[in-house]
Amino acid sequence: MLEKAEYSTVLSSGGAEAIARIEQDPPYDLVLSDLTIAGRDGNGLIGRMRQTLPETPLVLLTPGRDEGAALMAVRQGAYDYLVKPFEKDQLVATVRRAVDYRRLLQQNAMYRQDLEQLVSARTGMLHQAISDLERSYDITLEALGDALDLKDAETEGHSKRVTAFTIALARGAGIPPQQIPVVARGAFLHDIGKMAIPDAILLKPSKLQADEQKVMREHCARGYQMLRKIPFLQEAAEIVYAHQEHYDGSGYPRGLKGEQIPLGARIFAVADTLDAITSDRPYRKGTTFAAARLEIKRCSGTQFDPKVVAVYLSLPDQLWEDLRAEITTQAKKLAPPLQLEPKGPKLRNPFS
């Protein structure tokens, strides 16, 4: 009947031979079997096909008295059944429907594979676009930090150094890698609010008066207000807002205490003091990293988070010396004296 309907058939003498053909030959479009031969346990035709060829339809032939068993077999994985005796048209229609069903499954599988590849490609493109966008943001942030350094000459290079120190401490503290850029941006932009402080106060060479100190202390809140409206800087803005807070609550602008202070700001506080102590100022020379270590240890629990101080003390002074030297060297390569078109490698992005 099937050959007259232009189907190519392969015959098997029993269940064992059928299983061997199914597992060894090229894939079949359809398996047609008597219910008594197919078997319904895991080692029978139904069970083996469900394990190895779940997309190949199995049509069962059953006497009318076994129709209940045929329905049970369908529930176990057979595609359909025919009750004997049957007409040729019934057989051909059932076979055609089963073959069309397999073809549909194959088309769906191909479509799903193509869709997954397309989604994967688009996802890759999206991630690259986001990465490029974040890189452009960070280049802009570098420019802002450089502009602040140019305005406040006495702290030239401070933003990059304190960012490098903060990153090293954050890694030592076990901050997740995806959070490191957030902490780095907060450290790099910590003084961005000083852009809004009048030059007469910001650049005053002598000691500030009480009212001038009050204005200067506004730079934390001003920096926060500048950054918080930028979605990818919202977390960094919290570090900027809290970077002058002290662990014992004696800092400003809000008098936060202990873990009320964001962890990134607590880490930054140690890095900032480390750079301040070891950097030259117009009114004094920078001291050694060993001296800075003693001072930071002394202020543990008051100005600084003891846990962050413990991380700092576990790291060698050579690390900080190497970081300072690297940043100084890169800065010289970027801007050699009297050279209008600087040569040499681009300064590594502190946020990467």
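**Exercise 1.** In this predicted model, describe the salt bridge between Arg298 and Glu295 and the exposure of its two partners.

*Solution.* The side chains of Arg298 and Glu295 form a salt bridge with an N to O distance of 2.6 Å. Both residues belong to helix α13, and because they are 3 residues apart, about one helical turn separates them. Arg298 has a relative accessible area of 60%, so Arg298 is exposed. Glu295, with 29%, is partly exposed.

**Exercise 2.** Which parts of the chain does the salt bridge between Asp305 and Arg266 tie together?

*Solution.* First take the contact: the side chains of Asp305 and Arg266 meet at 2.7 Å, N to O. Then locate the partners: Asp305 is in the loop between α13 (289-298) and α14 (306-314), while Arg266 is in helix α12 (residues 263-278), so the bridge ties together parts 39 residues apart in sequence. Both residues are buried.

**Exercise 3.** Which residues of helix α1 (residues 15-24) are buried, and where do they lie around the axis?

*Solution.* The buried residues of α1 are Gly15, Ala18, Ile19 and Ile22. Because they cover an arc of only 100° around the axis, they lie on the same side of α1. The face turned away from this buried side carries the exposed residues Ala16 and Gln24.

**Exercise 4.** Is Asp191 buried or exposed?

*Solution.* Asp191 sits in the loop between α7 (180-188) and α8 (199-202). The cut-off for buried is under 20% relative accessible area. Asp191 has 11% relative accessibility and therefore counts as buried. The side chain of Asp191 also makes a polar contact of 3.2 Å with the side chain of His190.

Conventions. Residues numbered from 1 in each chain as written. Predicted model: local features only at pLDDT ≥ 70, side-chain atom pairs only at ≥ 80, totals over all residues. Heavy atoms only, no water. Buried < 20%, exposed > 50% of the residue type's maximum accessible area, 1.4 Å probe, protein only. Helix = DSSP H or I, 4+ residues; strand = E, 2+ residues; numbered from the N terminus. Arc of directions from axis to C-beta. Polar contact = N/O pair within 3.5 Å; in protein donor to acceptor, adjacent residues only side chain to side chain. Salt bridge = Lys/Arg side-chain N within 4 Å of Asp/Glu carboxyl O.
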